[in-house]
Amino acid sequence: MNSPADSALSARIAAVAERLTEVPGVVAVALGGSRARGTHRVDSDWDLGLYYRGDLDVPALARLARELTGTPVEVAGPGGWGPWVNGGAWLVVDGVAVDWILRDLDRVERVWAECGVGRYEVATQPGHPLGFWSPAYPGEVALARVLADPQGELTDLQRAVRHYPEPLRAALVAASWEAEFSVAGARKVAASGDALYVSLCLSRAFGILAQSLHAHHRRWLLNEKGALASAAALPAAPPDFAARLTAALAGPAAEAVEHAAVLVAEVRAALV
C-alpha cells in the first residue's frame, strides 16, 4: 500500500506527464523501469518515456525542465544519446530523480512490425555493454504504465505488443547458437591469458542465453540490468543458474570457459 508521500509523488509525476504532452511533437508519456513493474526501491528513479512523432520541440522541453527543477537542464535531442536510446534528460524534481527518455513512436512501430515477422537488430549503444536489442522497444511499451496519451496511440500499441510474437520467439531462441560459438572462441585463447577477450566472449554468451530464455517463456527482456536474476527465475533456467554463471565469470580463464560451456549446453537443451 502506498504511503501518502508516495501517492503525492505519483500525482506529481502524472501532472508532469500531462505537461509533457503539451510540448509539440510529444504524443504520449509512459512510466517505465522498476516503478512501472512494481519492483522499485524507495530511491529508484522515475523513468518517463517521451513518445514523439516528427519534429520534437527540444527547446520547449528544456524550458519545461527548467520550470520543473528551477535550474537549467541539458536536454539531449533525438540522437543525442546514441542511435537507440535516442535522447532525453536527467532531472531532479522535488528532490526525486526523474529521467526523460525519448522514443520515436514511428520507429517503435516499425520495430514492432519487424518483430512480428521474427526480425530484430542488435546495435552498439552507449550504456548497453552487450548491445541494444531492438525488441526492447516493444518490450518497453508492453511493460510500461501509460500516464498521458491524449489520442490513445500508445495505448493502442500497448494492447498489441502484450501478445509476444511467435516468429520473434523462434528467432531469439535460435540465437542461442551464438552463445556456443562465443564460448568456443574463448576456449581458443584461454590458455594465452587474454582475460579481456575471454571475459567479453563469456559475457556475450551469457547475455544471449538471457535473451533466449526470456523469449522461450514469451517474456520481454529490456536490457542487461537485472537480466541474470530474471533469467535465473525462469522455469527453463538450469539449477543454480545465477550462482554458477557468477562463479564462471569470477574464475580462472580456462575453468571459466569450461563452466560456461556446460551452462550453454544445459540452456540450449532446455530450449528445444
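A residue is termed buried when its relative accessible area is under 20%, exposed when this is over 50%, and partly exposed in between (1.4 Å probe, protein chains only). The structure is a predicted model, in which local features require pLDDT of at least 70 and side-chain atom pairs count only at pLDDT 80 or more, whereas totals for chains, interfaces and linings use all residues. Side-chain values use heavy atoms, with hydrogens and water left out, and residues are numbered from 1 along each chain as its sequence is written.

Helices (H or I, at least four residues) and strands (E, at least two) are DSSP runs numbered from the N terminus. By the burial criterion, strand β4 is mostly covered, with seven of its nine residues buried. β4 belongs to an open sheet of five strands, ordered β3-β4-β2-β1-β7, with mixed pairing; two strands are taken to pair if DSSP finds at least two bridges between them. The edge strands, each pairing on one side only, are β3 (88-93) and β7 (145-148). From one strand to the next, the twist averages 30°, where axes are lines fitted to C-alpha atoms and angles run from 0 to 180 degrees between N-to-C directions.

Strand β4 (residues 96-104) runs parallel to β2 (residues 46-52), to which seven bridges join it. Asp47 stands opposite Asp99 in β4, and Leu48 has Trp100 as its bridge partner. β3 and β4 run antiparallel and are joined by six bridges, with Leu91 partnered by Val98. These two strands form a hairpin with two residues between them, and Asp94 in the turn has a positive phi of about 55°.

A nonpolar core is a set of buried Ala, Val, Leu, Ile, Met, Phe, Trp, Tyr and Cys residues joined through side-chain atoms within 4.5 Å. The largest such core holds 57 residues, and among the members that touch the most others are Tyr51, Leu202 and Phe241. Helix α9 (residues 195-216) gives the most to this core, with ten residues. A second, separate core of 31 residues includes Leu20, Val23, Val26 and Leu102.
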